[in-house]
Amino acid sequence: MKLSVKERAGKLGRTDLCVVFATKGRRPELPEGVEVSAAARKDFTAEFRANRLCDPVAGDAKRVLLVGLGEAKSADAESLRRAAAIAAKEAERLGVASVTCFVGEAVEKTVGGAEAAGAAVAEGLVMGSYRYDELKSKRKKPSCTAGVLLGAGADFKRGVRLGRILGEANCYTRDLQNRPGNKMRPRDFASEARKLARKGGKITTKVLSEKQMADLGMGSLLSVSAGSIEPAQLVHMTYKPKGKSKGRLALVGKGLTFDSGGISLKPGARMDEMKFDMSGGAAVMGVFHALCSLDLPYEIHGVVPASENMPANNATKPGDVVTAMNGRTIEVINTDAEGRLILADALVYTSTKIKPDTIIDLATLTGAVVVALGHELSGMFPTTRKLAKELTASGERTGELVWELPLLDCHKDQMKGVYGDLRNINSGQGNGSTTGAAFLSNFVGEGIEWCHLDIAGSAWGGQDRDYRGGKTGSGVGVRLLIDYISNKA
Ligand code: BES
Ligand code: MN
Ligand code: ZN
């Protein structure tokens, strides 16, 4: 959807559909000259997500859609994002070519200012009109391809621009996620990263081949791709700020394009969902998609170890011992605990070659985090209170909630090997997520601030939130991380 901004003061002009948002117990704010009937106002409860389509009794709008935000004290950016997504869906259902969203002063205040309001409506419209149909032989063209946002001032305009960039980056990540394993292979991560470098001008991309990874001693990562005909790729993207850099950040994303489990083969039921095992990598790509259009004062690196995990004659076997880039030896007890094996080398590479101040990794690492937190939250394992606070706040602002889980020595102890230094799964106890995070900690350089985000639950399968939800990819991580970087002290 193409978005444009107009000042809300003045006459509306001819529109097919004008959307108005309102909280409970308050007369909806309408554009100048537009009036809806008393009956319509009476029917409309402004209950969160409630909506009423009406034929206005005055003004140039053919239709007016009232969308509820609920109680003013509980309404926030997430409410407005969802309300805008409902508007986008309604516009599509009606078959109109464009939708005009009016953001009045009261609504603006309710969600925390003009910039936040502009961003929420833009995100809601863009993400709410997302659909994944590139693999259908007959595709229906979307009818509603334009959104006009009516608000006030430069802040609103800036918010709309940011919201559009973030919405589009989220949709890009969802496209990568939804693409099946035969269309989104490790080499496709490499070509997408090269495309981003051509698009932005601010981004450079380097891709390491299996030969280069072998030369660096990445025996852990290569043990995962061993059984696949598709060679692993290590994607490294770099964003340099225009002015002076305030620090160096690295984002590392698990790019496992299909996880069959390997020799420790997964059961057949829902194995198809393991095409989503690249969601961490897709989120990192999405952040760089957004960075093509943003100016942020940090040097930002994106590292995506991309591989398939397949059973084969030459696949890694349970019991095999492999050596990571930092010299640590790992007993591969279960070839299905492969995410940590590719991340191990990616984290050593990031720590030693990039030397960032902060590393955040995103991975669909464990089924156990879904048991612990469900699909609406990501598990967060921060090494500093500062990072915990910043990411928690970003989660609340973006609706991409995170919940802290511990990184403890007792869990690190559970990952000690018998034949090698480490083992890749813990035995006995079911604490798969904390031991997964503990395993990763062995590969992060001394003194680097780090946070592991386990997005196995949040990357797909969430509740319906109008702009996302359901079986398909959620694009989680992109808006969270851009918000984190933008608000970083
Ligand atoms: N990609 C999976 C984790 C996963 C499972 C994500 C279900 C989303 C939904 C990961 O590679 C894996 O297989 N983990 C195993 C680890 C186990 C063998 C220790 C798991 O969580 O079952
Ligand atoms: Mn696995
Ligand atoms: Zn996996």
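This is a predicted model: local features need pLDDT of at least 70, side-chain atom pairs count only at pLDDT 80 or more; totals for chains, interfaces and linings use all residues.
Modeller: Residues are numbered from 1 along each chain as its sequence is written, chains are lettered from A and ligands numbered from 1 in written order, and side-chain values use heavy atoms, without hydrogens and water.

Biologist: Why is the aromatic pair of phenylalanine 439 and phenylalanine 443 called tilted?

Modeller: Rings of Phe, Tyr and Trp (its six-membered ring) pair if their centres lie within 6.5 Å, and planes under 30 degrees apart count as stacked, over 60 as edge-to-face and the rest as tilted. The structure holds two aromatic pairs. In the pair of phenylalanine 439 and phenylalanine 443, the centres are 5.3 Å apart and the planes stand at 45°, so the pair is tilted.

Biologist: What makes phenylalanine 439 count as buried or exposed?

Modeller: Buried means under 20% relative accessible area, exposed over 50%, partly exposed in between (1.4 Å probe, protein chains only). Phenylalanine 439 has 0%, so it is buried. Phenylalanine 443 has 3%, so that residue is buried too.

Biologist: How do you know that aspartate 277 makes a polar contact with ligand 1?

Modeller: A polar contact is a pair of N or O atoms within 3.5 Å; within protein, one must be able to donate a hydrogen and the other to accept it, and residues adjacent in sequence count only if both atoms are side-chain atoms. A polar side-chain atom of aspartate 277 lies 2.8 Å from a nitrogen atom of ligand 1, so the pair qualifies.
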